[in-house]
Amino acid sequence: MSNGTGKFLSSSLGKKFVMGLTGFLLVAFMIVHLLENLSLYVDVDHGSAFIAWVEKLHLLGPFIWVLEFGLALLFGVHVWMALKLTAENRAARPTPYVMKKTFGESTLASRNMFVTGVLILGGLILHLIHFRFSKGLHAPAPADLFARVREVLANPIWAGFYVVFGILVGIHVSHGFRSAFQSFGANHPRINCCVRRCSVALGVILALGFASFPIMALISWR
Amino acid sequence: MSGKRISLTLKVWRQESAKDAGKMATYEVKDINDEMSFLEMLDVLNEQLVTKGERPITFDHDCREGICGACGFVINGHAHSKEKEITVCQLHMRKFQDGETLVLEPWRAKAFPVLQDLMVDRSAFDRIQAAGGYTSVHTGSAVDANSILIPKVDADAAFDAATCIGCGACVASCKNASAMLFVGAKVSQFALLPQGQVERERRVKAMVERMDAEGFGNCTNEYECEAACPKGISVTNIARMNREFLKAAVTDQG
Amino acid sequence: MSKILDSKVPDGPLADKWDLHKAGLKLVAPNNRRKYNILVVGTGLAGASAAASLAEMNYNVTALCISDSPRRAHSIAAQGGINAAKNYPNDNDSVFRLFYDTIKGGDFRAREANVYRLAQVSSSIIDQCVAQGVPFAREYGGVLANRTFGGAQVSRTFYARGQTGQQLLLGAYSAMMRQVARGKVDLRARREMMDLVVVDGIARGVIARNLVTGELERYAADAVLLCTGGYGNVFYLSTNAMACNVTAAYRAHKRGAFMANPCFTQIHPTCIPVSGDYQSKLTLMSESLRNDGRVWVPKKVGDKRPAKDIPENERDYYLERKYPSFGNMVPRDVASRNAKMACDEGRGVGSSGLAVYLDFEDAIKRDGQPAIEARYGNLFHMYEKITGENPYKAPMRIYPAVHYTMGGLWVDYNLESTVPGLFVLGEANFSDHGANRLGASALMQGLADGYFVVPYTIPAHLVGRSYRKVSTADDEFRQAETQVKERIDRLLAVGGSRTVDSFHRELGLIMWDNCGMARNRKGLEEALEKIPALRKAFWADVKVLGAGANINTELEKAGRVADFLEFGELMCRDALVREESCGGHFREESQTEEGEAKRDDEKYCYVAAWEHAGDGKAPVMHKEDLVFENVKLTQRSYK
């Protein structure tokens, strides 16, 4: 890493840029993930489409490890930057206001990015334990994975957990997506309205999408 | 002209010096003519305090017409009050109801240490300015003013960015105490003008570096700064700074 | 003519004076400049531009700023614009025309050579500011825009919307901050100059108070520049910012600098009136409003009906009545004086009775509200923000207010005061505006002094005189600091019952009533009795709490008011001696039959420069005769 790049990455603006970039890529991943999940609806009882999808992934062979590693890196960088930024932000106001109102485009989502982020991280770890590492270091076979999905989501507590998880992801993205545009410098009257709407829409789609499977499971798999 | 009389309860942050701990103190102000400005109301309270032998409330103020940027504190959780596009000195008592309680706090930021009561040290802004908020042109070396042609739209946009009064409301209102709007406005003014092109990359890098070193927070794109800015400076200036910074990182040497 | 007052105006034709003078000025070689320390007190337009320019040349500059940042200086409040003889609009402007308009606008009480130089360098100021990135208004073709301003028949005013002063100040400020980053300017914010230190008759430094810690600090230098603005706040109420004061200039005066024409103050006719005795500050509204607004008061004394209930035949449009040809567009001083007369008769409006109406009803009827809105929308908005009244519905209330002081420390052509080594720039000096300043000229003068005059004249002082090396440990510094400390201790020790502001308000009233828009012998003599009495009361009964060793805004104010209480007397004395009317100085004894100002060039064509003779002693007046070789003195007329 050259000195210039290091300086860029350690600066406030650089960190925000990385935050936005990793966020974007993670959103892209989640869209693919959601599409994969949607294949569950094709064959609710046997999950044939879902299994076929996972099997295709397995065809990638060792390359899937590269993808997994890349994904983990994205998450890691996103989380690491978030921790640094949040720590800096907290340090920037050591004495809080007795009374502080919020205004501008401050929303529940924007104010609680760290909280939703931490919860999502926690949820993600559980999610990985549930599915990715259910058989140890090696990913479970496609058919086993489907069985595991049925098993976990049959439990109303876990189903509820995944509903909340999905909603948190949606809330987080609804601010994050829009925010990343500003961090990249993409702010123009012609696109702002569209970005804002897309951001909310994306959040809603992800939340509804991810939350729909546990609900389906509660209805169909019990 | 109403000339109504109102009474208020003020809860004010009192702090003897930067080293001391502060606390909120409560004052009753009675029979205030609602044609007064907010700072005049504080003047009246201060004269009463002095007469009683109590130390008056300290706050920065100077021009009292919203242009110098000296004044500013938080009233009930809003920088410069909840009115749009004004500074505290432009606020009048007719905006308040009889019997209201108002909480007055200084700008809160690590980079703006409290000096006394509602007065804070904003010299961090001067240091950011010194880092690059200028064009390096010596007195006497300028070419004829009309040899630099500037499209009116660019001149107007640069002016909009240049109207910043350096009051610090953007920092005060940001949940992260970020100074991005202040820095973004200055970076934008020069980025939009031909005079600023020569030092464009160096400027944005130096100013951002200084801003970070001063201990301001990061931008989480919630635009509270824009809402609080008494001059209505747009967050598009922050976006422009982000672009400039990215471009500088890619193109500039060293 | 007193021998001491050598204006050092060079010989030669007017147009060549500055060039000839520059050619004769001594220089300091670039590698020697770092050996000299220059102290700049005040960092507004004049101070910041001087500090930046001198530091660029490699002098070591220390700059003291009374506010938390130089960007707060009151230069920021100038709205309209800055004049320059660029002749961009091709309307036959020239250096001579700008010179002539300025000297005539000043009612022939300024020095020809200084004013001509101001007009000469005006073009360079615009070039410099544009290069700095000052966002002046532009035409669609990309060239600079100009507008017309009072007192001129050409468009020579450059502007940045209504915030020209702000943008020019930010330009000078950023130029100075560049030198701060280079280490060539040592900027000390929140410092107030308390005294001038004179060593062997030469200004060698100041004692300043750190307004945060309360500590007294000594600053030594090879030259001292005072750029500390005007003294309009002697009136308590003015359009000046709250921190504007006379202390630095007055302290220098007491150390030997002569004060010139202190009675020359400008009173602007269209300000938002005082709304109560709590009022701290007045706000200016552009006088362009008088283009469409009609000024009136009720005919009946004490008529307190709302404006809309007063029928047309009971209204007195006094400007239209008295000046049928100029009507509401009479010059500033005439409009101001007539408003005062109406109010003195008890016909003023508003709760205080100190206001007149500026009515747009007819203009709105004639042109429609949208047209008026397009012309004055921002001003109407500002008025509404401050008063809470809608000027489209009810007439505005306006009243004159003090907003600029033409008088100041006497300086020669080099801008050097009667104390060698003490240079005075901007509004703090008396040099360029005579008895009345034209609009858009204040910014021009501050920047001319700082960017283009002082950088040339200071080297001549630095190498032209022999003076010894000083250190802040020297006796002169120690003594000056002790005196400052004693004064602060005295203020803190009075322990009386009245607040500082109450004395300031009382002084302001005396000044306003007796040395304001119209002055007469009786009033001035009365003021000269009242002010010393008030000063005595101040030192016996003022209440300043706290200690000197901390932030103490009451103590700051007390020191400034104490100086105003002495300076006010000097103003009245100057006004009393000048038994003529000129510019902003209207002596009721000297008026034409129509009540217009009558100048007396036979007797008063001079600069009155006052020497401090010691506390309790009457100051001594010295005269600098004004010689006009290039313009013909004419009486202003509005027929």
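Let's start with a word that comes up a lot: a residue is buried if its relative accessible area is under 20%, exposed if over 50%, and partly exposed in between, using a 1.4 Å probe and protein chains only. By that rule A:R178, at 9% relative accessibility, counts as buried. What you're looking at is a predicted model, where local features need pLDDT of at least 70, side-chain atom pairs count only at pLDDT 80 or more, and totals for chains, interfaces and linings use all residues. Residues are numbered from 1 along each chain as its sequence is written, chains are lettered from A in the order in which they are written, and side-chain values use heavy atoms, with hydrogens and water left out.

**How the chains meet**

- Two pairs of chains are in contact (heavy atoms within 4.5 Å), and chains B and C share the most contacts.
- Chains A and C have no contact with each other, and their closest C-alpha atoms are 21 Å apart.

**Salt bridges**

- A salt bridge here is a side-chain nitrogen of Lys or Arg within 4 Å of a carboxyl oxygen of Asp or Glu, and there are 83 of them over all chains.
- In chain A, the side chains of A:R178 and A:E105 form one, at 3.1 Å from N to O. This pair links distant parts of the chain, 73 residues apart: A:R178 belongs to helix α8 (residues 156-183) of chain A, while A:E105 is in the loop between α4 (63-91) and α5 (108-111) of chain A.
- For those labels, helices (H or I, at least four residues) and strands (E, at least two) are DSSP runs, numbered from the N terminus.
- A:E105 has a relative accessible area of 23%, so this residue is partly exposed.
- In chain C, C:K8 and C:D412 join their side chains in a salt bridge of 3.2 Å, N to O.
- C:D412 is buried because its relative accessible area is 2%, whereas C:K8 counts as partly exposed at 34% relative accessibility.
- Another one pairs the side chains of C:R599 and C:D601, at 2.9 Å from N to O. C:R599 is buried at a relative accessible area of 6%, and C:D601 is partly exposed at 26% relative accessibility.
- C:R599 and C:D601 also belong to a network of salt bridges that links them with C:D107, C:R109, C:R578 and C:E580.

**Aromatic rings**

- Rings of Phe, Tyr and Trp (its six-membered ring) pair if their centres lie within 6.5 Å, and planes under 30 degrees apart count as stacked, over 60 as edge-to-face and the rest as tilted. A search of the whole structure turns up 42 aromatic pairs over all chains.
- Take A:F8 and A:F17: their ring centres are 5.9 Å apart and their planes are at 70°, so the pair is edge-to-face. Both residues are buried.
- A:F8 and A:F17 are part of one aromatic cluster with A:F24, A:F177, A:F181, A:F184 and B:F245.

**Charges over rings**

- A charge sits over a ring if NZ of Lys or CZ of Arg is within 6 Å of the ring centre and within 35 degrees of the ring normal.
- C:R117 has its charged end over the ring of C:Y413, 4.3 Å from the ring's centre.
- The charged end of C:R490 does likewise over the ring of C:W539, 4.1 Å from its centre.

**A sheet in chain C**

- Strands pair if DSSP finds at least two bridges between them. Six strands of chain C make an open, antiparallel sheet in the order β13-β12-β17-β16-β14-β15.
- At the edges are β13 (283-284) and β15 (315-316) of chain C, each pairing on one side only.
- Strands β12 (residues 265-272) and β17 (residues 396-405) of chain C run antiparallel and are joined by five bridges. C:H268 has C:A401 in β17(C) as its bridge partner.

**Positive phi in chain B**

- B:R64 isn't a glycine, yet has a positive phi of about 55°. You'll find B:R64 in the loop between α1 (38-52) and β3 (74-75) of chain B, and this residue is buried, with a relative accessible area of 7%.
- B:N76, also not a glycine, has a positive phi of about 50°. B:N76 is in the loop between β3 and β4 (78-79) of chain B, and is buried at a relative accessible area of 14%.
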